[in-house]
Amino acid sequence: MSRRNLNLIALALLSAAISIAGCHSDSEGPAAAVPEATPVVQLVHQQGVELIQLNPADVPGLKMVEVQNIEMPGILETSGQITYDDRSVSTIVSRVAGRIEQTRVSLWDNVQRGEKILALYSPDFMTAESEYLQARESTTLISAPGVGASSDFAGSLLIAAKRKLQFLGMSDADIRAIKAPDPTVWMRAPISGTVVDNKVQRGAAVNPGDVLFSLGTLNDVWITGDIYEDDLARVRVGQELSAVTTAFPDELFKGVIARISPNVDPTTHTLQLRCEVKNPDGKLKPQMLAKVSIVTRPGDALVVPQDALVFDIDAYYAFVEVSAGMFEHRKVTIASWSKVGYARIVSGLKAGDHVVTGETLQVNALWHLAHGESS
């Protein structure tokens with residue numbers, strides 16, 4: 001016997017059992033309500049798609065609604081997280097093997113560009129400084145009257161020795177101030193900003209490539225937010241926006257869209273915006289959450305009533321009428337939508353589709369019953 005015939009027999013027996021149970025009542029109490037008979041449903045396969053065959057009249061309250069495109073407002077809203085503008089972040093990296101002798105700053109301290117922040121001991125500094133002093137002395141001697149040696153060669157040695165010190169991290173001012181070889185050199189802040197990461201400890205050994213400090217500024221920050229791919233045509237680089245945070249709910253921070261991600265997340269159908277926002281008082285802090293409003297031209301959104309959707313296992317589904325009495329159990333993806341009672345559809349439906357509303361949960365239960373499952 002086929003699975004379809006077994007399903008029909010099971011449904012008929014269940015309907016009969018419910019009818020018989022409804023005929024019995026307690027003679028000493030009020031009569032029990034007679035439940036309605038379970039509608040007869042069938043599973044049908046058409047072109048590889050599984051459909052449920054159901055007479056809508058057998059499900060009181062079931063209605064059909066058409067999926068529609070409606071005009072969206074001229075404000076595109078998204079939520080985002082505040083981060084440093086990576087163009088305003090700088091790191092201090094050890095270029096030699098050595099030992100940390102002294103530090104003058106700690107985490108979250110503010111520093112000025114060129115300020116001494118770390119004393120690093122390394123024999124490499126002494127060797128490079130000795131070479132520089134020798135080259136400088138040779139240049140002075142060669143340029144003296146009566147000396148016939150080539151000044152070009154001595155000048156090249158001096159340039160090479162100076163460049164070696166620059167590669168080791170010494171500033172031009174510190175190089176000019178060298179009087180005698182010294183294995184301890186002060187590392188200076190490359191930018192003005194705040195110490196956002198501190199990996200140093202006095203007396204600790206370091207190797208070439210070790211990150212010692214990270215500095216950042218908060219004059220301009222980024223807010224990274226997500227938009228849905230069908231909103232992409234509404235945004236562009238340079239578009240003005242405003243942001244508000246829970247920390248400062250009455251203050252608007254102005255900015256522009258600085259970057260639009262070239263990639264779309266295939267799972268959520270979203271892509272990222274990087275919004276450059278002015279932060280002159282430093283109120284906005286990294287990892288804060290913000291709500292971003294972008295003034296844009298109106299667009300279209302595909303929406304359905306929320307009661308046309310049912311959440312089943314791990315996703316939302318709608319019952320789409322593909323022909324008279326034939327319904328497809330179709331998975332849909334939804335997005336946030338501000339209009340009460342409606343859901344915005346990202347994928348799974350199109351304008352003009354007719355979906356079940358009103359008794360979607362009951363239809364979903366019949367779908368599972370036809371598969372021999374409980375909903």
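How much space lies in the second largest pocket? In this predicted model, the second largest pocket holds about 310 Å³ of space. Its lining is made up of 16 residues, and those closest to the centre of the pocket are R95, G169, M187, R188 and P190.

Four strands, in the order β6-β13-β11-β8, form an open sheet with antiparallel pairing. The edge strands of this sheet are β6 and β8 (110-111), each of which pairs on one side only. The partner of β6 is β13 (residues 211-216), and 5 bridges join these antiparallel strands. Within that pairing, V93 has V211 of β13 as its bridge partner.

Strand β5 (residues 75-84) is also paired in the antiparallel sense. With β18 (residues 289-295), β5 is joined by 7 bridges, and I75 stands opposite V295 of β18. With β14 (residues 220-228), β5 pairs over 5 bridges, again antiparallel. Here Q81 finds its bridge partner in T224 of β14.

The loop that comes between β17 (270-278) and β18 contains Q287. This residue has a positive phi of about 80°, although it is not a glycine.

Strand β20 (residues 310-312) pairs with β21 over 3 bridges in the antiparallel sense, with F311 standing opposite Y316 of β21. There are 2 residues between the strands of this hairpin, and I313 takes a positive phi near 70° there. Like Q287, I313 is not a glycine. I313 lies in the loop between β20 and β21 and is exposed, with a relative accessible area of 76%.

Strand β21 is also joined to β22 (residues 326-335), by 7 bridges, and the two run antiparallel. S323 stands opposite M326 of β22. The hairpin of β21 and β22 has 2 residues between the strands, and in it G325 takes a positive phi near 75°.

A pair of aromatic rings is described by the distance of the centres and the angle of the planes. The structure holds 3 aromatic pairs. One of them is the edge-to-face pair of F248 and F253, with 6.4 Å from centre to centre and 70° between the planes. F248 counts as partly exposed at 25% relative accessibility, whereas F253 counts as buried at 6%.

Another aromatic pair, F319 with W367, is also edge-to-face, at 6.3 Å centre to centre and 65° between the planes. Which parts of the chain does the pair of F319 and W367 tie together? F319 lies in β21 (residues 315-323) and W367 in helix α5 (residues 360-370), so the pair links parts that are 48 residues apart in sequence. Both residues are buried: F319 has a relative accessible area of 0%, and W367 has one of 8%.

The charged end of K283 sits over the ring of F248, 5.3 Å from its centre. Elsewhere, R99 lies over the face of Y121, at 4.7 Å from the ring centre.

G352 lies in the loop between β23 (342-347) and β24 (354-357), and at 33% relative accessibility G352 counts as partly exposed. The C-alpha atoms of G352 and Q68 are separated by 6.4 Å, with the two residues 284 residues apart along the chain.

Terms used. Residues numbered from 1 in each chain as written. Predicted model: local features only at pLDDT ≥ 70, side-chain atom pairs only at ≥ 80, totals over all residues. Heavy atoms only, no water. 1 Å grid on protein atoms, 1.4 Å probe; cavity = no way out; pocket = protein on both sides within 12 Å on 5 of 7 lines; lining within 4 Å. Points joined across faces, edges and corners; volume = space filled by probe spheres on them. Pairing = 2+ DSSP bridges. Phe/Tyr/Trp six-rings, centres within 6.5 Å; stacked < 30°, edge-to-face > 60°. Buried < 20%, exposed > 50% of the residue type's maximum accessible area, 1.4 Å probe, protein only. Lys NZ or Arg CZ within 6 Å of the ring centre and 35° of its normal.
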